[in-house]
Amino acid sequence: GTSPLALLNADTSPVRSVMLSLTTRILLTACAGSPAVALGDPLVGPPARVPASGWAQALSAGLGLEYDGGAEFNVGIELTPAGEKHSDEIIALVYQTIALIRDGGIEDWLYREQQNVAAQRFRFREIPEPISEASHLAGNLHDYPAAEAIRGDYLMEQFEPQRIAALLAQLTPQNMQVTLTS
């Protein structure tokens, strides 16, 4: 027979990824128009050039670790075997995309589209086990007013281009920690 532990490791394909953790001095939650949410989709959406290179299988971007006085903005890239050899070029492409967004800004229509998606994600979210939900809501009470604790993670009520621009200004190589997994 096969041991239960062997089943956990059945997938032996290597994990290949690049994670950029960008330290900011901006609190990215506790507001109804989080710049991290507003920036995440455009960064991995149509302007993103990394998938077109054939070096990446998946992209993600958004809020990372929060701390007193700021937060991390993370960009995760799941690499193809070819992409594993091009991590420096991939990082350069991420910064080119950030520059494009910085120069063009986030338009109000795109924010409204993200707002609608967030509302749908909240409306149709899976309800977790009560103990998990209670723990999550207790944490949200640190970030949102009590009346918004349940839907706080999905709030996008205010388009704040100045906060988005402030976040973009801090997404620089000097504020970056890179984790390469292969």
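Begin by selecting Asn74, which lies in strand β3 (helices, H or I with at least four residues, and strands, E with at least two, are DSSP runs numbered from the N terminus). The model is a predicted one, in which local features need pLDDT of at least 70 and side-chain atom pairs count only at pLDDT 80 or more, while totals for chains, interfaces and linings use all residues. Residues are numbered from 1 along each chain as its sequence is written, and side-chain values use heavy atoms, with hydrogens and water left out.

With a relative accessible area of 17%, Asn74 is buried (buried means under 20% relative accessible area, exposed over 50%, partly exposed in between, with a 1.4 Å probe and protein chains only). Show the side chain of Ser21 as well, since a polar contact of 3.0 Å joins it to the side chain of Asn74 (a polar contact is a pair of N or O atoms within 3.5 Å; within protein, one must be able to donate a hydrogen and the other to accept it, and residues adjacent in sequence count only if both atoms are side-chain atoms). Leaving aside neighbours within four places in sequence, Asn74 is in contact with residues including Met19, Leu22, Ser60 and Gly64 (contact means heavy atoms within 4.5 Å).

Next, select Gln170 in helix α6, which counts as buried at 11% relative accessibility. A polar atom of the Gln170 side chain lies 2.6 Å from the backbone nitrogen of Arg25, and Gln170 also touches Thr23, Thr24, Ile26 and Asn175, not counting residues up to four places away in sequence.

Move on to Leu171, which, with Leu39, has the most contacts inside the largest nonpolar core, a set of 24 residues (a nonpolar core is a set of buried Ala, Val, Leu, Ile, Met, Phe, Trp, Tyr and Cys residues joined through side-chain atoms within 4.5 Å). The largest share of this core, 7 residues, comes from α3. Residues up to four places away in sequence aside, Leu171 touches Leu22, Thr24, Leu39, Phe73, Tyr95, Ile98 and Arg102.

Then select helix α4, residues 108-123, whose buried residues are Leu110, Tyr111, Gln114 and Ala118. Seen down the axis of α4, these fall within an arc of 100 degrees, so they line one face of the helix (the arc is that of the directions from the helix axis to the C-beta atoms). The face turned away from that buried side carries the exposed residues Asn116 and Arg123.

Finally, colour the chain by pLDDT, the predictor's confidence in each residue from 0 to 100; confidence is lowest in helix α1 (residues 4-8), at a mean of 48, and highest in strand β4 (residues 176-181), at 93.

Terms used:
The expected span of a helix is 1.5 Å times one less than its number of residues.
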